[in-house]
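Please open the model in your viewer and keep the selection tool at hand. The stops below say what to select next and what is there.

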Amino acid sequence: MRRALPIFVVLAGLLVAIAVVNPYFLEPTAFLAFVKRAAPLVILAAGQYFVIVSGEFDLSVGSLVTAEVVIAARLIDGSAEATWPVLALMIAFGLIVGLVNGAVTTLLRVPSFITTLGMLLILSGAVFLWTGGSPRGALSEQFRQLGRGSLGPVPWSVLILVAVAAAAVWATRARFGHTLVAAGDNDRAAALSGVRVARVRTVAFMISGLSAAVAAILLGGFAGVSAQVGKGLEFQAITAVVLGGVVLGGGRGSVAAAMAGAFTLEALFTLLNLYGISGALEPAVQGVIIIAAVALGAVRFPRARAAAAS
Amino acid sequence: MTQQLKLGRVPAGGSLLRRISADRPARPVYVALVLLVVLGWLVFALDGGTFLGQENIVGIQQRSAALGIVAVGQTLVILAGSLDLSVAYLISLTSLVTAEIMAGADSGVPAAVAAALAVSALIGLVNGLIVTRLRVHAFIATLGVALVVRGALDARYDGPAGSVPESFQHLGYDRIGPLPVSALLWAAVAAGAWLLLSRTRLGYRIYAVGGDAEVARLSGVRTERVVVIAHVLCSVCAGIAGLLLASRLGAGAPTVGTDGGYDLESIAAVVLGGTALAGGRGGVAGTVGGVLLLAVLDSIFNQLEVNSFAKDVVRGVILVAALAIYARGRRTR
Amino acid sequence: MLSYSRRFLAAAALAVLTLPVAACTSDKPAPSASGAPSGAPAGSAGPADKGTGEQSKFFVQADYDAQMAMRKAQPTGPSDKPWEQSIDPQLIDTAKYKKAGPYHLCFSNAAVDNPWRQVGWKTMQAEVAQHKEITKFTALDAEGKDDKQISDIAELTGKGCDALIVSPNTTATLTPAVSGACPKVPVIVFDRGVQTDCPVTFIKPIGGYAFGAAAAEFLVDKVPAGGKILALRILPGVDVLETRWSAAKVAFDKSDLQVVGVEFTDGDAAKTKSVVSDYIQRYGKLDGVWMDAGATAVAAVEAFEDAGQPVPPINGEDQQDFLKKWSDAKLTAIAPTYPTYQWRTPVIAALKILKGEQVPKVWNLPQPAITQENLATYLKPGMPPLHYALCGCEDLPGYPEKWGGTS
């Protein structure tokens, strides 16, 4: 947790900066709206954390989110009865995509960067082959509620986020979490000490696929069917995780910090927007901050050098 | 790229023999290329076209030249154990720098070429220094630089700008018999990189650093400098591709690099050519094969008028399958 | 540990400090007392400032005037087939291209990467299918890549096409390739243009100014004086979108409405919804929403619903999801269009040219707007949410299944 401290300090600083410009931000409804908006990215970052800490990448989550939403719209086609079965199917589909990513990476020994890049191409192509080029059907009101509605004053997506966060923290504290970090740190040593490296990594990919399914449910619910709902989310999720001090190459970092990284990214977008830094400067500021954050984080870890410099 | 991928690889040796064997993964890609050409010939014959006709041969070369040049540069950084996600935006930037400095006048050509190459070398230097000095993982470093370049593009340009003179368009459109000038440029870049990798100390060091940075360092290689140089060379290649595209388009365009998907496609071409993503193994010959493979595939897609979604599926499957085959070959060897 | 944290803090402080500095480049005074600057582009804040910023550098007064005139003009041709109509045609002779059938048509397509192009592409294929004299139709998809489209055009000119249809990916950069093809084969360009008049005909709806003006004039008409307008744009720098906004700016500047923000949404529904929610929160309420494209209009409407507010006058486009929302929620709305039926016209034009019949040099297609009066005609239950109502495809073989609908 101590290692994760800096990102929480940065996040707090950004939130204060937003509140200075927009005092309304600290009121419960506005703050909950912010959390609701950040929820899909935070959930994706939590999923991506498991893959990254085990030493791999998952580039397929963005197109998986799009695929899930398009699939849900076509299968539900506005019908209330179809909602729950399709939700279950979406979860299963996310797990299966993760399983395939994991199996190809660990059993066929394809680098995960390429496995998931291939999956990105396959998913984005296949789903639109199936629907004939653009989304069909419609999501039902019941489906939309999860991303759009709320329980009393608290949006459903915030509740789902809390549950996901609790589960993610629990998973990292459990034996699975330790073996995963061990595999990411040094897979040969981990294997020698009895860790089934291929299995834990595959589970990590399945968690990432699951997180994409949940993010898709929230995004589709929030804003409806769109052909580009997941566009660029994979890079945002990886950026968020890295911003949280998790080291690419595996073995170091906490899931709480990864999720804080996602909140930080979202807070940064909000702040840039409040200051009217639209369009042009936004990516530049984002780029500088990401490099700076990782550079400052890397200085403390001499061991990270090999991963970074080679 | 990731640490565990480096385990179980032979430490870099110095003999000429090893250097040649390092390029051995190029072989399967050429076998696949020959098979694909045969397939293409069959498809075209059945479909009433001529696959090996001049039009199609020229088309394949024209389509692959820009990606080919970027991929050669990408090969160098990947061999050195790094990677470069900033090439796409850099290509857009250099196409604009080129076209704006030329401004339609012949007299501007030398200055524009020099400026484009200088800008790209500078970006490469920044990439390299962030990766080595600030010890930021190449994925994040080059992604961050890409965002900064994108910011500059968004701030300065809202559409195609500048124009290149007729004389400069010869680079993009002329050909000598069946050989377009652009393909000759690509061949020259590839040959230069091949010579660099196989005949110079720097080339040997790139393999050594990518193979095992720690071993390389212990044997006296200044690993950081090697990585920086690889990044500069990669960016210069992207700059050359930007020049070529400016000549093709007749102007600079802020989206030509990203629309072309040169970042991920160049990485895909490199690994299709048998170069290990973790570095230290592979070579330019394989990359050229990988790019040609993608181009021949595109040509077959064109003939069959395959829709773009199906193309993506086929490309994804080929990419993963190829890498699985390489991994298998590596284990049984 | 301590030094590490401090370094990080320093970075955070630096980041926070740089923001206001960077923001100084767009210090347009906020129209309300909230103290939050709007995201509007920097502009000269004169007393008559409507919050619309500076005029786009893409704005061309002559083109604007021409399009405004065309909106009022009566098109010639069959009124039940708007894709065959043209406004103010300057007919040219095509006898030199006349040849006997059957014909081989070729098409270089920029991309099929969005629902608008999907609907158009299917419509064009169906149009081709109903002409028996077209025995071969070769289409190459450039996948949004300028360089590939240049190669595609070169490849098509070598395939023995009788006519070449081009939908350029970008205007300026495809000009050399089109110029190269013109001497070899009659070329028909549609949607975006090229900077040469060598193509036999250039087919387009009236244009972006007409779209933007129709939506803005509707708001000026429906929103009470002093009303707060939010303008949502997809992204800056795209010629066909810049013209839409610049015409709206002209209309708003002449009105007594106040544009409180001009925001870019990247065409992303979630971002659109967030932006609109932010503005509702900041200003209490909005009195009108102007959009440069309809794909995210439903998300904008939902932002008002989720805030528990009535939906103010808004414009969308002819996509089914918006028309359905309009009808269900009884919105005060208008849907200017950029009709997908223009994908039929190039095929018709190609056949006319090959038969030696006259065609307009610039084929201006009518560009109707969907209003409350004719909403019911364009609302087509059973069609996909992102289907464009003005496809003109209802009489084509395979409708509605081919377009993803059910009858």
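**Stop 1**

Select residues 226–247 of chain B, a span that is 100% helix and 0% strand, with its end C-alpha atoms 32 Å apart. Helices here are DSSP runs of H or I with at least four residues, strands are runs of E with at least two, and both are numbered from the N terminus. This is a predicted model, in which local features need pLDDT of at least 70 and side-chain atom pairs count only at pLDDT 80 or more, while totals for chains, interfaces and linings use all residues. Residues are numbered from 1 along each chain as its sequence is written, and chains are lettered from A and ligands numbered from 1 in the order in which they are written.

Next select residues 267–297 of chain B, where the end C-alpha atoms lie 17 Å apart and the span is 65% helix and 0% strand. Both spans are among those that the unreviewed UniProt entry annotates as "transmembrane region", a list including 29–53 and 65–91 of chain B; the positions are given in the numbering used here, feature names are shortened, and such annotations may be inferred rather than shown by experiment.

**Stop 2: the whole of chain B**

The C-alpha trace of chain B spans about 55 × 50 × 35 Å along its principal axes. Of its 333 residues, 62% are buried, where buried means that 20 or more other C-beta atoms, placed from the backbone, lie within 10 Å of the residue's own, exposed means 12 or fewer, and partly exposed lies in between.

**Stop 3: where chain A meets chain B**

Show chains A and B together, and find the 47 residues of chain A that are in contact with 51 residues of chain B, contact meaning that the C-beta atoms of two residues, placed from the backbone, lie within 7 Å. On the chain A side, the elements that give two or more residues are α5 (112–131), α9 (187–192), α11 (233–243), α13 (281–298) and α14 (304–309). Among these, α5(A) gives the most, with 13 residues.

**Stop 4: A:Val127**

Stay with helix α5 of chain A and pick A:Val127, which has its place there. A:Val127 counts as buried because 22 other C-beta atoms lie within 10 Å. Apart from its neighbours within four places in sequence, A:Val127 is in contact with A:Ala67, A:Val70 and A:Ile71. A:Val70 is 57 residues from A:Val127 in sequence, yet the two are 7.3 Å apart in space, C-alpha to C-alpha.

**Stop 5: chain C**

Finally, colour chain C by its two domains, domain 1 (81–206 + 339–367) and domain 2 (208–337 + 370–380), whose bounds come from an automatic or database domain assignment. Their C-alpha centres lie 32 Å apart, and the contact takes five residues from domain 1 of chain C and four residues from domain 2 of chain C. End on helix α6 of chain C (residues 208–222), in which 13 of the 15 residues are buried, so α6(C) is largely enclosed by the rest of the structure.
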